[in-house]
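Hi there,

Here is the structure I promised to pass on. Could you have a look at it when you get a moment?

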Amino acid sequence: MSQRNVKIEAKVGLHARPAALFVQTAAKADFDVTVAKPGGEPVNAKSILAVLGLDARHGQEVIIRAEGEGAEELLDTLEALLKQPEPESA
């Protein structure tokens with residue numbers, strides 16, 4: 001299993017556009033992908049309701065896990081999404 005601890009840079013946290021992009025990207029994988037806050041229960045990263053339910057905010061850390069062929073590449077993409085600050089107009 002591959003895992004990344006990622007600090008959220010998006011000003012709106014893992015909500016709105018960042019959450020939608022995160023879920024859309026995770027949903028393309030043919031394997032399980034989860035996201036959790038440190039010490040929290042992992043949730044399905046392919047479910048917008050589950051991801052929004054984490055209430056992960058700017059500056060917080062989340063743990064992303066994936067297992068399967070292509071997991072490292074997927075985690076690279078998901079990490080990049082979370083580290084990209086939202087534009088001022090967002």
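Below are my notes on it, starting with the ground rules.

This is a predicted model, in which local features need pLDDT of at least 70 and side-chain atom pairs count only at pLDDT 80 or more, while totals for chains, interfaces and linings use all residues. Residues are numbered from 1 along each chain as its sequence is written, and side-chain values use heavy atoms, with hydrogens and water left out.

First, the helix pair. Helix α1 (residues 16-27) packs with helix α3 (residues 71-83) at an angle of about 175 degrees, and their axes are 10 Å apart. Helices here are DSSP runs of H or I with at least four residues, strands are runs of E with at least two, and both are numbered from the N terminus. Axes are lines fitted to C-alpha atoms, for helices over the stretch in contact, with angles running from 0 to 180 degrees between N-to-C directions. The two helices α1 and α3 are therefore roughly antiparallel (angles over 145 degrees). On the α1 side, Leu21, Phe22, Thr25 and Ala26 meet Leu74, Thr77, Leu78, Leu81 and Leu82 of α3; contact means heavy atoms within 4.5 Å.

Glu79 also sits in α3. With 17% relative accessibility, Glu79 counts as buried (under 20% relative accessible area; exposed is over 50%, partly exposed in between, with a 1.4 Å probe and protein chains only). Setting aside residues up to four places away in sequence, Glu79 touches Arg4, Val6 and Ile64.

Next, strand β3 (residues 43-44), which holds Val43. Beyond its neighbours within four places in sequence, Val43 contacts Val33, Thr34, Val35, Ala50, Val51 and Leu54. Val43 and Val33 are 10 residues apart along the chain, and their C-alpha atoms are separated by 8.4 Å.

Ala16, in helix α1, has a phi near 50 degrees, a positive value in a residue other than glycine. Ala16 is exposed, with a relative accessible area of 53%. Asp55, in the loop between α2 and β4 (61-66), likewise has a positive phi, near 55 degrees. At 31% relative accessibility, Asp55 counts as partly exposed.

Finally, what is in helix α2 (residues 48-53)? Ile48 lies there, and at 35% relative accessibility Ile48 counts as partly exposed. Ile48, Leu49 and Leu52 make a nonpolar surface patch of about 270 Å².

Best wishes

Technical notes
Patch = residues over 30% accessible without salt bridge, like charges linked within 9 Å, V, L, I, M, F, W, Y side chains within 5 Å. Areas by Shrake-Rupley, 256 points an atom, 1.4 Å probe, with all protein chains shown as cover. Salt bridge = Lys/Arg side-chain N within 4 Å of Asp/Glu carboxyl O. Parallel < 35°, antiparallel > 145°, perpendicular 65-115°, else oblique.
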